[in-house]
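Colleague: I would like to learn how to read a model like this one. Can we go through it feature by feature?

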Amino acid sequence: LTDAEALAGEDAEEWSTAIYKEIDDLIALNCWTLRSKTEKPGHKKVYRGKLVLKSMPPANSQPGRKKARYVISDPKFLQKLQDVDCFSPMARLETVRWLLSTCVERNWSLCHTDVRNAFPNAMLPEPVWMEVPKVMIARAEKYDKEHGTTTAQEMRSSYCHVTRALYGLGHSPRCFNKHLDEYFRKNGWESSDADSCLYVKYDTFGKVACAAVTFVDDALVAGTEEACQHYRAFMKAGYDISDLGEPTDFLGMEIKYDHHEQSIKVWQEKYITKMAQRYGIKYKKVLVPMPYDKRLVPREEGEAAADESLFRSKVGAIQYAAVCCRPDVCHAVRELARHMVSPSELHMKAADQCLQYLLYTKTIGLTYVHGSWTSVEGSPCKNELAELFTDASYGEDIVTRKSTSGYATIKNGAAVTWGCKGQ
């Protein structure tokens, strides 16, 4: 959806409000200054920008809305500076599940925050030049007609000297991550050695009072009620944040915190339903993602080939469910992922069966419970204990004769980590 199409459609007023709000927010953050075109050094590249428009669905008890994002876009040039590290860490999903499990274990409060216009809060290591946004010039022309000024003409003879990390630049995510990390540490939070996106806050007795998992501009926070209030206060002091309250959606996972039962359930019904609609999967009673006695082998010469791009897309979609909260399809997705190159129709049917299984069991998820819980072996376990299970097959691969290893860590009644790989 282009800005011209949006402003000419039925929701033109909503899109117009979202677009001008985005530009005004960037100006308020002092993202750029207007400078004459003659001031630009001759060797410097001038980037173009564009508006990215998206209708946001309802989430976390928030209504749907129109969202506009102004990004630097120029596919002809590499959008990063030389000799600048562009790596930006993101939280591991194991860390998210650990946080939810600990939240139930300690009867903590849970909240979700989002930083608005996150990247432009950070400074660029070196300023860049950008064309003046067309929407700014259009608004200036309208203002000039009403007041008899020449603002639009001045804008046409200027460039934006960008000093902040706008979306679209390759190194912007790292700039914001460093900015956020420094802000957490300055306010007494410590980063975990196991996951650099996990921050903990200790109380006066040296115990963890609050923990926050950051995923770019989103943060899932668990802690005592007092600690969560302190977190909200210090974040609002440094950023413009949206306090989304107790989360119901996070990274494609649905979350239900039942305070009466003292449990948290994580599942992906919406994601799986959307995935099934995308690939035209019909509801069917399928009890297993892949039969244990069924082994996938490479496509033989002369065998009908399947659509490689479609197969990869399906396997990738299944894999995200497997790493979020569906360990039951972990082995199936491993088998499918071994045939990404030159898949056959047999492989495609196996992927469709796994999708049908997910659709049939879309309400299944992980449920973490407070208090003593029953272990897999039937004996009671306490909250602070965890069970680690690991096993391996014995040369069951009919092609390589190699074995497959798997493991799962159970804590507070549900899996926190799991994995499956060939030896």
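Modeller: We take confidence, a helix, a cysteine and a sheet in turn.

Colleague: What are the ground rules?

Modeller: This is a predicted model, where local features need pLDDT of at least 70, side-chain atom pairs count only at pLDDT 80 or more, and totals for chains, interfaces and linings use all residues. Residues are numbered from 1 along each chain as its sequence is written, and side-chain values use heavy atoms, with hydrogens and water left out.

Colleague: What does the protein chain average in pLDDT?

Modeller: pLDDT is the predictor's confidence in each residue, from 0 to 100. The average here is 87, and 94% of the residues score at least 70. Over residues 76-81 the pLDDT is below 50. That stretch still has 17 contacts in the model beyond near neighbours in sequence; contact means heavy atoms within 4.5 Å.

Colleague: How many residues does helix 2 have, and how far does it reach?

Modeller: Helices (H or I, at least four residues) and strands (E, at least two) are DSSP runs, numbered from the N terminus. The expected span of a helix is 1.5 Å times one less than its number of residues. Helix 2, residues 12-28, has 17 residues and reaches 24 Å from first C-alpha to last, close to the 24 Å expected.

Colleague: Which residues of helix 2 are buried?

Modeller: Buried means under 20% relative accessible area, exposed over 50%, partly exposed in between (1.4 Å probe, protein chains only). In helix 2, A12, W15, A18, I19, E22, I23 and L26 are buried. They fall within an arc of 135° seen down the axis, so they line one face; the arc is taken over directions from the helix axis to the C-beta atoms. E13, T17 and A28 are exposed on the face turned away.

Colleague: Is C31 buried or exposed?

Modeller: C31 is buried, at a relative accessible area of 0%. The residue sits in the loop between helix 2 and strand 1. Its contacts outside four places in sequence include L26, P120 and H161. C31 and H161 are 130 residues apart in sequence, yet 8.4 Å apart in space, C-alpha to C-alpha.

Colleague: What is the strand order in the open sheet of four strands?

Modeller: Strands of a sheet pair through backbone hydrogen bonds, either parallel or antiparallel. Two strands pair if DSSP finds at least two bridges between them. Here the order is 13-14-15-16, with antiparallel pairing. Strand 13 (249-250) and strand 16 (365-369) stand at the edges, each with a single partner strand, so one side of each has no neighbour in the sheet. Two bridges join strand 13 to strand 14.
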